[in-house]
Amino acid sequence: MGPPLFMHMYTLCFLISGHGTKGVFELLSGWRRTRENLPFKDRVADAYSDVMVSYTMTSSLYFIAFGMGASPFTNIEAVKVFCQNMCVSILLNYFYIFSFFGSCLVFAGQLEQNRYHSIFCCKIPSAEYLDRKPVWFQTMMNDGHQHTSHHETNPYQHHFIQHFLREHYNEWITNIYVKPFVVILYLIYASFSFMGCLQINDGANIINLLASESPSVSYALIQQKYFSNYSPVIGFYIYEPLEYWNGTVQEDLKTLSQGFNTVSWIEQYYQYLRVGNISATNKSDFISILQSSFLKKPEFQHFKNDIIFSKAGDENNIIASRLYLVARTSENTQREAVELLEKLRPLSLIQSIKFIVFNPTFVFMDHYGLSVTMPVLISGFGILLVLILTFFLVIHPLGNFWLILSVTSIELGVLGLMTLWNVDMDCISILCLIYTLNFAIDHCAPLLYTFVLATEHTRTQCIKNSLQEHGTAILQNVSSFLIGLVPLLFVPSNLTFTLFKCLLLAGSCTLLHCFVILPVFLTFFPPSKKHHKKKKRAKRKEREEIECIEIQENPDHVTAV
C-alpha cells in the first residue's frame with residue numbers, strides 16, 4: 001500500500017525514541033517544578049510555557065535536517081523513504097506530546113488537586129484511616145506526599161534524582177580539585193576523537209550487509225584472508241557485432257584488458273590459430289574455424305556459453321560475447337576494486353567497442369558510494385541551514401556559540417570513536433551522525449541557554465541551577481534511550497550492531513558533555529556574571545533615588561507613616 005519497507009526502516013523506532021522521550025521527560029519535569037497549590041490549569045500553562053517553546057525549536061531542527069534527506073535532491077530511494085518516515089514520525093510525536101500527553105497531565109492534575117489516587121482513581125483515605133491498615137495497603141494507597149507538606153512551594157526538590165544532583169553531584173563536579181581531572185579527561189577524549197577521524201574507512205565491505213553468522217560471511221572472510229591479492233572476477237560483456245578477425249579490433253581488446261589476468265575465449269582462440277599456423281583473416285574463415293574446430297575441442301567446449309551466434313541466411317555472425325578479468329591488487333582490495341570500476345566504466349563510453357563490466361559486488365560498491373556521498377552532502381546543507389536558523393532565532397548569541405562548540409565536539413567525538421570501534425562509513429553510520437547532531441542540540445541547548453540567561457552572581461551557581469533544572473530530564477531520557485538499545489545486541493546482523501555502536505556513542509558522548517565537560521568548562525570561560533551585579537547595583541541605586549525623590553516631594557506622608 002505504501003512505500004517499500006527497506007532495511008534501514010528498522011532503525012526508525014530507535015532514532016525517534018530519543019527525541020520523543022526527551023519531550024515527555026522535559027514536560028514532566030516542568031510539571032513537577034510547578035507549585036502544587038496552584039489550580040491545575042495554571043500548572044499546565046506554566047509547564048507548557050516553560051518547556052514547549054524549546055521543544056518546538058528542537059523538533060523544527062529535526063524536521064529540517066531529515067527534511068533535506070527527504071527532498072528530491074536525494075537519489076537513494078532507501079534514504080529518501082527513511083527521511084520521509086522520520087519527518088512524519090517527528091510531527092506525530094510532537095502533536096502527541098502537545099495534545100494527548102498534555103491532556104494526561106490535566107487529568108493527573110485534577111486527580112491530584114482533588115486527592116484522588118493516580119492509578120486506582122479513588123479517593124485517598126485519611127491519615128487516621130491509613131494508620132489502622134497494613135503496611136502494604138498504606139504503600140499502595142499513599143499519594144507520595146507528607147500531609148504536612150502537601151502544599152509546599154517546590155515538592156520536586158524531594159525527587160531522588162533532583163536531590164542527588166542538588167546535594168551531592170553539583171558540589172562534586174564544581175569542586176576545584178575535580179576540575180583538573182575533567183580537563184585531562186576532555187583532552188584524552190579529544191585526542192582519541194582526532195586520531196579516529198584520521199582513520200575513517202568507507203563502507204565498501206560486503207560483510208557489513210550480511211547476517212553475522214551466515215555462510216556468505218564465512219566465504220567473504222576466507223576470500224579476504226587467503227585471496228585478497230586478487231580483485232573480484234569482473235565480467236566483460238561485448239554487446240555489439242565486432243570484426244574479431246580485424247587486427248585493429250584485436251589491439252583495442254588487448255588495450256582494454258591490459259593489466260588484468262584474463263579468462264577469454266578470444267585469447268585462447270588466437271593462440272589456437274597461431275599454434276596450428278592457421279590463417280583466419282576474413283569473417284567466413286574466422287567463424288567457420290571457430291565453430292567447426294575450436295569449440296569442438298574438449299578443452300575449449302566451455303567457451304560455447306561465452307559466444308552468442310546469430311544466423312542470417314547462410315551467414316553466421318557473432319552478435320555478443322563475454323570474457324572475464326581478474327586484477328592483481330594489494331591488501332586494500334575493496335578500495336582498488338572501486339578504482340578499477342571507476343577506471344573501466346568511463347572507457348565503455350568513449351571506446352569504439354561497446355561493452356559493459358559487471359560483478360555482483362559492484363552493486364554494493366555503487367550503493368555505498370552513493371549512500372556515503374549523498375547523505376554527507378545533504379547533512380552538510382542541513383547543518384548549515386540549522387546554524388543559520390539558530391542565529392535568526394537568537395535566544396542569546398553567546399549561548400548559540402557555546403551550542404555550536406558543544407555539538408561540534410560531540411559530533412567529532414562520535415565520528416572518531418566509532419572509527420576506532422571498527423565502524424565503517426556506511427549508510428547506517430551516516431544517518432546516525434545526522435541524528436547525533438539533533439540529539440546533541442536537543443539535550444545541550446536547554447542546559448546552555450538556562451546558564452547564559454541566569455542572573456546569579458557566579459558561574460558556578462548558574463551551572464548548578466542549570467543542572468538542577470534540566471539535569472533530571474536529561475539523565476532520565478539518555479538512560480532510557482541507552483537501555484532501549486540493549487535488544488539490538490541480540491540481533492545477528494552487522495548493520496544492526498553498527499546501529500547499536502553509533503547510537504551508544506551518541507548517547508554516551510552527549511551525557512558526558514552535559515554532566516561532566518560543560519559544567520566544568522562553563523565555569524572557566526564566558527559568559528561572565530559580573531554585569532548582572534552591575535545591573536542589580538544600578539537598579540538598586542535607581543530605586544533609592546526614586547524613594548528619595550518621593551520623600552522630598554511628600555515629607556508629611558513620610559511623617560505620618
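This is a predicted model: local features need pLDDT of at least 70, side-chain atom pairs count only at pLDDT 80 or more; totals for chains, interfaces and linings use all residues.
## Rings that pair

Rings of Phe, Tyr and Trp (its six-membered ring) count as a pair if their centres lie within 6.5 Å; planes under 30 degrees apart are stacked, over 60 edge-to-face, and the rest tilted. By this rule there are 27 aromatic pairs. One of them is Tyr55 with Tyr94, a stacked pair at 6.1 Å centre to centre with 15° between the planes. Tyr55 belongs to helix α2 (residues 40-69) and Tyr94 to helix α3 (residues 77-113), so this pair ties together parts 39 residues apart in sequence. Helices here are DSSP runs of H or I with at least four residues, and strands are runs of E with at least two, numbered from the N terminus.

Residues are numbered from 1 along each chain as its sequence is written, and side-chain values use heavy atoms, with hydrogens and water left out.

## Strands around β4

Now let's turn to the strands. Two strands pair if DSSP finds at least two bridges between them. Strand β1 (residues 234-238) runs antiparallel to strand β4 (residues 315-327), joined by 5 bridges, and Phe236 stands opposite Leu323 in β4. Strand β3 (residues 307-312) also pairs with β4 in the antiparallel sense, over 6 bridges. In the hairpin of β3 and β4, 2 residues lie between the strands, and Gly313 takes a positive phi near 70°.
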